[in-house]
Each structure stands twice: as structure tokens, then as C-alpha cells.
Amino acid sequence: MNGTAFATDDELADYLAAVTTFVDEHVAPRAREVDESETTPSALLAALRGSGYLSAALPAEWGGGGVDPIPYGLAMEEFGRACSSVRSLLTVHNMSSQAIFRIGTPEQRARWLPALCSGDAVIAFALTEERGGSSAERVRTVVRDCGNEYELTGIKKWITYGQIADLFLVFGRCDGRPISLIVERNAPGLSVSPIKSVFGTRGSLLAELRFDGVRVHKSHQIGALGAGFNFVANTAIDHGRFSVAWGCVGIIRACLDASLTYTGNRDQGDQPLSSHQLVRRLLADMLVSYRATREVCLHAARLRRHRDPRAVNETSLAKYLASTSASKAATDALHLHGADGCSADFPVARWLRDANVMRIIEGTDEIHQIALANYALQRPYGPSKVVRENDWKYR
């Protein structure tokens with residue numbers, strides 16, 4: 001994810017202003033509808049396809065936005081504060097496309113990236129299986145070598161935007177070795193079933209994919225046989241964690257904005273709620289959480305910009321902190337809104353549900369705790385570990 005940095009702060013400001021305008025005009029007004037209808041309206045999908053934000057992190061040479069991690073992350077904050085379901089589309093599309101760009105052959109890039117960058121095609125990430133979660137070791141989808149083709153048999157579940165995806169980045173095992181393949185939606189033997197009544201990110205068009213002897217040409221294989229999980233999947237998941245982290249920053253900001261407005265307008269004992277000390281403590285904690293989490297995400301973005309070897313662990317750190325902080329901020333926002341927070345007239349219950357989903361996807365809290373404990377043993381901190389001075393641009 002090493003795109004183009006903006007030459008000046010004004011250029012970055014103009015880009016983010018355009019993102020904010022798009023989110024305010026197209027996403028935020030439909031967020032409640034997306035949640036309650038458990039879908040993303042076709043008009044909103046069309047706007048996203050034509051906006052360029054769907055491919056913001058994809059290379060400009062193929063028609064993508066070509067933005068580097070800092071503006072991309074800040075853009076995901078904007079989408080995250082409006083609607084986590086819509087932000088999820090940007091996440092899975094970019095993470096799967098990144099795998100093609102980074103690991104695919106020149107022919108594969110030429111075949112799929114132009115449509116993915118233009119928004120003419122949407123790609124979903126198909127790793128998760130029932131009972132196995134996203135654990136690569138427990139993937140049971142069988143891929144059989146059939147000469148010039150592979151044959152897939154298995155079931156994938158909880159596939160974000162699987163209901164509308166044109167392509168799927170699918171992971172399975174071939175002779176016991178991990179493999180990743182691009183499967184087109186119209187492949188014979190592939191059936192797609194909607195998953196409804198989920199807890200959070202209800203409009204992310206989750207699907208179950210069934211592969212019943214699906215045949216794909218060997219030219220659809222991404223990466224070498226044996227590299228499907230540790231290389232291809234991790235490349236995509238790393239990007240997904242970065243995007244989710246920034247989306248959680250947006251959730252925290254949305255909770256803070258809503259809580260300040262509500263407690264300032266709601267009277268209790270002839271005084272606004274915001275004048276009470278315990279209420280002010282929650283508001284203060286929410287502000288600190290937003291500032292701190294945003295800075296951690298910016299630090300990860302700077303490292304990613306320069307392909308620093310610490311970037312993967314710092315991205316994991318950012319995702320863990322951001323998702324747990326968003327859950328706490330949404331819980332506090334619900335309490336501050338009282339009974340109103342439990343009603344559909346206010347968005348705080350949606351933020352709480354979405355925030356808790358963020359603690360599961362792209363690695364649960366516990367997965368990140370294990371990885372970060374190993375990282376801590378390396379003592380990756382202290383004066384000698386700071387990022388070089390010119391990385392502190394775009395503060």
C-alpha cells in the first residue's frame with residue numbers, strides 16, 4: 001500500500017474535504033436505511049462505484065486512486081463515522097485487490113485490476129468457514145488438480161458483500177497445501193446465499209458461498225501453491241486491519257459528536273447533562289480515546305508509507321486499540337443517551353453493534369493480544385525506535 005503522497009497539506013485538505021462531502025451527501029443520510037433494511041441500496045452502490053473511493057488505495061497505473069496510507073486512512077475515518085457497513089465494502093474490495101496487485105502476475109493484473117479500479121467489478125475476500133472462522137489451519141475447502149484447471153468443493157461463510165461481488169478471492173487446500181484462486185461469480189457450481197439478521201454491520205450484504213465442483217483455469221491462481229495463507233491471505237488481511245482500525249476511529253468520533261450534542265441539549269435537574277461531573281468524565285475519556293487512537297493509526301500509516309518492517313505489528317496494535325476503544329466509546333455514548341440511545345431514533349445502538357463486530361473481524365481481540373505480546377518481547381519502543389523526522393508530515 002505504497003501509493004502517492006499529496007505534495008502539500010492543502011492538497012490533502014482538498015482531498016479530505018471531497019471525501020467528507022461525498023460521505024455527508026451519499027452515505028450518512030442512508031446509514032439508518034442500510035442498517036434497518038440489511039442491504040446497501042443500489043443507488044448508493046452506484047455512487048460508490050463511480051466515486052473513485054472504492055479503489056482509493058489501488059495503483060493509479062491501473063486506474064485506482066493511488067493515495068498513500070495516510071490519506072487513505074483518514075478517508076476511512078470519514079466513512080467509518082457515517083456507516084461501518086459501507087466502509088466494509090471499501091475494505092474488502094481494496095484488501096482483495098491489493099493481493100492481486102502485489103502477488104498476481106502481470107497478466108492477472110491486466111485482466112482484473114482495470115475493472116476493480118474503475119468500480120465496474122467488486123471483489124470479496126472468501127477465507128472464513130463455519131466452525132473454522134478465519135483460521136487458515138482449519139480451512140476445509142478442497143481444491144483438486146485437474147490438469148489445466150482446479151476443481152473447488154466447500155463452503156465459505158460470513159463473506160462481506162458476497163451477495164453482490166463479481167469476483168471472489170477464495171482460499172482452499174490442494175493436496176494439503178494452501179492455495180488461493182480468483183473465482184468469478186458466474187462460475188458453474190457456485191451458489192450464493194444471503195445471510196440475514198446479523199448483529200452488526202447489517203448492510204454489508206453477507207453471504208454463504210457453496211462451491212460444488214467449481215472449475216477454474218490455473219491462470220486464476222494467485223501466488224504459488226503453498227503460499228495461499230501465509231503470503232496471499234496475510235497480505236490482504238494486513239490491509240483489512242488497517243482499514244478497520246481507521247473505521248473505528250470514525251466510530252469513536254461519531255460517538256463523541258453525538259454525545260456532546262445530546263448532553264448539551266438534554267436537561268437534567270434544570271441543568272444540561274453536560275454540566276454533571278460524571279457525564280463530563282465520560283466525555284473527556286471519549287475525547288482522549290479519539291485523539292490517542294487516531295495518533296496510533298497515523299503512526300501505523302507512516303510506517304506503512306515507507307514499508308517499515310514494523311508496520312504489520314503496528315497495524316495490528318492500531319486495530320486492537322481502535323476496535324476496543326470504539327466499543328468502549330459506543331457503550332458510554334449509549335449510557336449518555338439513556339433510553340433514547342436504545343431507540344432507532346438515535347444511531348448510538350448501531351454504533352455499539354458495529355463496534356463490537358470490529359473486535360471480531362480481521363482478527364479477534366485475543367488473536368491480536370497473542371501477536372502483540374510477542375511484539376512486546378522485542379521491545380519495539382524507546383528513543384531509538386522513533387520514526388524519522390520527515391514521517392511526521394500530515395499531522
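This is a predicted model: local features need pLDDT of at least 70, side-chain atom pairs count only at pLDDT 80 or more; totals for chains, interfaces and linings use all residues.
Residues are numbered from 1 along each chain as its sequence is written, and side-chain values use heavy atoms, with hydrogens and water left out.

Let's start with helix H1 (residues 9-27) and helix H4 (residues 69-82), which pack at about 20° with their axes 10 Å apart. Helices here are DSSP runs of H or I with at least four residues, and strands are E runs of at least two. Axes are lines fitted to C-alpha atoms over the stretch in contact, with angles from 0 to 180 degrees between N-to-C directions. H1 and H4 are therefore roughly parallel, a label for angles under 35 degrees. On the H1 side, the residues making the contact (heavy atoms within 4.5 Å) include Tyr15, Phe22 and Val27, and on the H4 side they include Leu74, Phe79 and Ala82. Sorted by class, that contact has 12 nonpolar, 1 polar and 3 charged residues.

Some of these names come back in the largest nonpolar core. This core has 90 residues, of which Tyr15, Val27, Phe79, Leu152 and Val183 touch the most other members. A core like this is a set of buried Ala, Val, Leu, Ile, Met, Phe, Trp, Tyr and Cys residues joined through side-chain atoms within 4.5 Å, and buried means under 20% relative accessible area with a 1.4 Å probe, protein chains only. Helix H7 (residues 228-265) gives the largest share, 13 residues. Zoom in on valine 27: setting aside neighbours within four places in sequence, its contacts are Phe22, Leu44, Phe79, Ala82, Cys83 and Val86. A second, separate core of 23 residues includes Trp112, Ile222, Ala236 and Ile237.

Now for the other helix pair. Helix H9 (residues 311-337) and helix H11 (residues 365-376) pack at about 135°, their axes 10 Å apart. Among the residues in contact are Leu317 and Tyr320 of H9, and His368 and Leu372 of H11. By class, the count for H9 with H11 is 4 nonpolar, 6 polar and 3 charged residues.

Last stop: threonine 128, in the loop between strand S1 (123-126) and strand S2 (142-146). Threonine 128 is buried, at a relative accessible area of 15%. Its C-alpha atom is separated by 7.7 Å from that of valine 139, 11 residues apart along the chain.

Technical notes:
Ala, Val, Leu, Ile, Met, Phe, Trp, Tyr, Cys and Pro count as nonpolar, Asp, Glu, Lys and Arg as charged, and the others, Gly among them, as polar. Buried means under 20% relative accessible area, exposed over 50%, partly exposed in between (1.4 Å probe, protein chains only). Angles under 35 degrees count as roughly parallel, over 145 as roughly antiparallel, 65 to 115 as roughly perpendicular and the rest as oblique.
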